[in-house]
Amino acid sequence: MFNFIKDKLNEYYKKASIKYIISISFTVVAVAGMTVVGGALYLRFSNSTEEVVSKNNQTIIDQVNLNLDSYLRNMMKISDTIYYRAIKKIDMSVENIEKEMDLIYEANKDNLISITLFSEYGEVIDSYPLQQLKKNIEARNNDWFQNAKNKKENLHFSTPHVQNLFYDPNYKYIWVVSLSRAVEITNNGKTSSGVLLVDMNFSGIEQICKNVEVSKNGYVYLIDRDGEIIYHPRQQLIYSNLITENNKEAAKFEDGNHIEKFEGSKRLVTVKTVGYTGWKLVAISPMSDVTAGYYELRVFAIFIMIFAIFILISINMFVSSRIANPIKDLEKSVKEFENGVVNLNITENGSYEVQHLAKAIKSMVNQMNILMKNIMIEQESKRKSELNALQAQINPHFLYNTLDSIIWMIENEKYDGSIVMVSALARFFRISLSKGKNVITVKDELEHARNYLTIQNIRYKNKFSYSIESDENTLNLTSIKLIVQPLIENAIYHGMEYMSGDGDIVVKSYRKEKDLYIDIIDNGLGMPQEIADKLLIEKVNNGQKKGSGIGLRNVHERIKLYFGEEYGLEVYSEPDEGTTIRIHMPAIEFNSAKGEKK
Amino acid sequence: MRIKKKVIILTLLLAVLASSLVLLKEGGKKEIAVYDISVIIRGKNNEEWSIIKAGMEQASSEMNVNLRFISLLEENNVEEQKDYLEKAIDSGTDAIIISPSDYTALSNIIENTNKKVPIVLFESKIDTKQNIPYISCDNYELGKKLAEEVIRNGNTRKNIIIAKSDLEFSSLVDRYNGFKDEINKSKNTYEVIELPKDDSKLYNEIRSIMEENQETVLVAFETGELEAIGRAKKYIINDTNVNYDTEVYGIGRTSTIISLIEEKIINATVIQNEFNIGYLSINTAVNKIDHKKIDNNINIESTVINSENMYSKENQKILFPIVR
């Protein structure tokens, strides 16, 4: 699996552009980082809120405990005072304790309902405030009485109950918490046991617990050691079975913070045992209260994270484009270069390395261009030298033939003829050399051809006639040197030599539109057109013939080299009729050509 | 590149806006809905209703209800209730909780109102085919329980005098039927009398009944009547100093009734958990406003209270609700 992902990633990295690699990698790293940091902070924060809430609950419940404790201690003090200051000191048969009761009752009126002293048989010995006792009161049946009698050394706090000892003229029924203890009563010098009952108004306890703010939906309740509810903010609802409370479970909790799950919701429970009574104060904070802040926090954290990620992405894109764009530009230039764009414009921007690369590529391209140019120049010169070589090839060939003829004439003492010939040869070579120029005027070229024809005519003893017809407008046009003469030579050798009758060679120069044509027409043996077509393409080897087409192809190639592929020679021939060789060149005025070509 | 940047900045701004909107919405969500609920009882604002009211107030404070408790100038006045019902609708209340004073006379107006404003019936109901939530004890059962208590106290072959008023609210009729059906199973006989409303006339009437009929049983199904009879009996005993063995039974709870039970002037009363009636009425009304699922027939528990069991741990919680 891991390998698969790795492969995929590698594949992706190979395909993706540098910009995407940078921005996506950075972004992935940034998002991961943000998530980790944000998550960690969030967790840390939420944990600390929980701690804060727990601590807060603890503090609050400690405070409530303090209040409750002082309240209960106050009650115990009342009980103690009456017992030790009054009951123990007096003989009931002689005096009563009303005065002391009155004093204490008046001092603690707000919290006290009644103070009553019972004999061990449950008869009321004394009580305050003085009220009509209910008939049929059986005090001994009550828990508080039993508890006091059974555990004499202790003070006993009861759970809340309705006071039912006295008649109330307004039929009021008051909820009280009873504090009872066993006492020793002296009556007529004899001691007997009794029970002292102090009824506290339940609202006193209610007041202490009521306005405690634990959390938004939190509350504090009070239970006795068995989990019986003493105070609950929704006490009557619990009594009416409309809601339930986890009080029985809470009674088992140790002091401190607990998390309980009750009716499907998690709650933070803080328990504190109230001194002496064994009651337990329980503070409840639903976890939803604790986590209520989390939601906002979460939204805020996500918001900040998204914001940061956006900023990071944009920074990443900016940075990556700053890094990648010059490289991309460079790559584009290189691609263009590969496609053969000549005037390459390589921009030098971006980081130092890229600039350096761009510079290097730029200088490399320049170097290459120079090299290319050099190669071209070399190629050109090579071509020229080839051309020159071709021209050079002609001269000895002809010279040999002519000199051969002159020798022949001198040997036969034809001096006049030889003079004509030699002078023609001199003129011939003057044009041939023409100061080493490759191009001459058509006039010169034709003059050159005439000289040649003169020489050859003498050589062949007027075996053929010739004429040169040139249009006036062609004379000043440009021609490559020594193109007509080799063709005439061909016509003489191949057309005339084996002819029985009179040969005739016509040289014509004329213009057609922008082109210059020079036709060399003979009435020699001729050949089939198919062979004529091949003459210019391949070397026709017929062995026995002199020259054998070398001159023809040479001229053809030279024209092509000089003027371009569309120019050159055309051969038209028919057996026994003759051959026409047509030179095709562009019509360029000689003066302008001179300026153009060196 | 320029366009791309702009797009990025735009999305960024949009994200910021969207998130702040979300945050704002969260902030606004915390505004708590407050419900205006009118309660129309079928009597004067006296002690009879105090515990129901306490239950309603408890629920109101928990559920953010603005409670309007409307009592009548005259007990069980149908016209007055109609009038208050219309006024409550006009005031734009979110729901109306009503204890109809007549089973049939109020049917139409309540049915019509229910189409506009959610209505919850409590304590007594109307003749309707509509699905109107009704929160009460099983009043038939209440009457039956009372009869059982009468028989349990050794009254097996007695003539039982049932005080019956001309009132027509449903719970009263049900209680009467329940009691009658149970008594008919025993060898007891019963007669129905109509008691005067005036206190002195009532005193005389009760006195003559007590003096004429030895070992008789007086039963009242309405709280006010029970209290009046109880009080009359107490005065008669005080005045004549004769301990008549007339037994008094009834339904309902006031401090006076409890006190009279303690003095054994009233032998037993059957009480409903009135706190629950009040609490659940508001609860149901709020649920109906919020279109939550509601139980249309909520039955409230009832308890027989006599001088022996009134201070039991469970009964004192019902009898003397801790009301703040």
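Please keep in mind that the model is predicted.

I begin with the sheet. In chain A, five strands make up an open sheet with mixed pairing, and their order is β13-β15-β16-β18-β17. The edges are held by β13, residues 464–470, and β17, residues 568–574, of chain A; each has a single partner strand, so one side of each is left without a neighbour in the sheet. On average, and with direction ignored, neighbouring strands are turned by 15 degrees against each other.

For strands β15 (503–512) and β16 (515–522) of chain A, the sense is antiparallel, over eight bridges. Within this pair, Val506(A) has Ile521(A) in β16(A) as its bridge partner.

Two helices of chain A deserve mention here. Helix α11, residues 442–459, packs on the sheet and touches β13, β15 and β16 of chain A, with its direction at about 170 degrees to that of β13(A). Helix α12, residues 484–496, also packs on the sheet, touching β13, β15, β16 and β18 (578–586) of chain A; its direction makes about 20 degrees with that of β16(A).

I turn now to the two chains. In chain A, 23 residues are in contact with 26 residues of chain B. Which element of chain A gives the most to this side? It is α8(A), with nine residues. Elements that each supply at least two residues are β4 (161–162), α6 (235–239) and α8 (287–338) of chain A. By class, the side of chain A touching chain B has 13 nonpolar, seven polar and three charged residues.

Methods
Residues numbered from 1 in each chain as written. Chains lettered and ligands numbered in written order. Predicted model: local features only at pLDDT ≥ 70, side-chain atom pairs only at ≥ 80, totals over all residues. Pairing = 2+ DSSP bridges. Helix = DSSP H or I, 4+ residues; strand = E, 2+ residues; numbered from the N terminus. Axes fitted to C-alpha atoms, helices over the stretch in contact; angles between N-to-C directions. Contact = placed C-beta atoms within 7 Å. Nonpolar A, V, L, I, M, F, W, Y, C, P; charged D, E, K, R; others polar.
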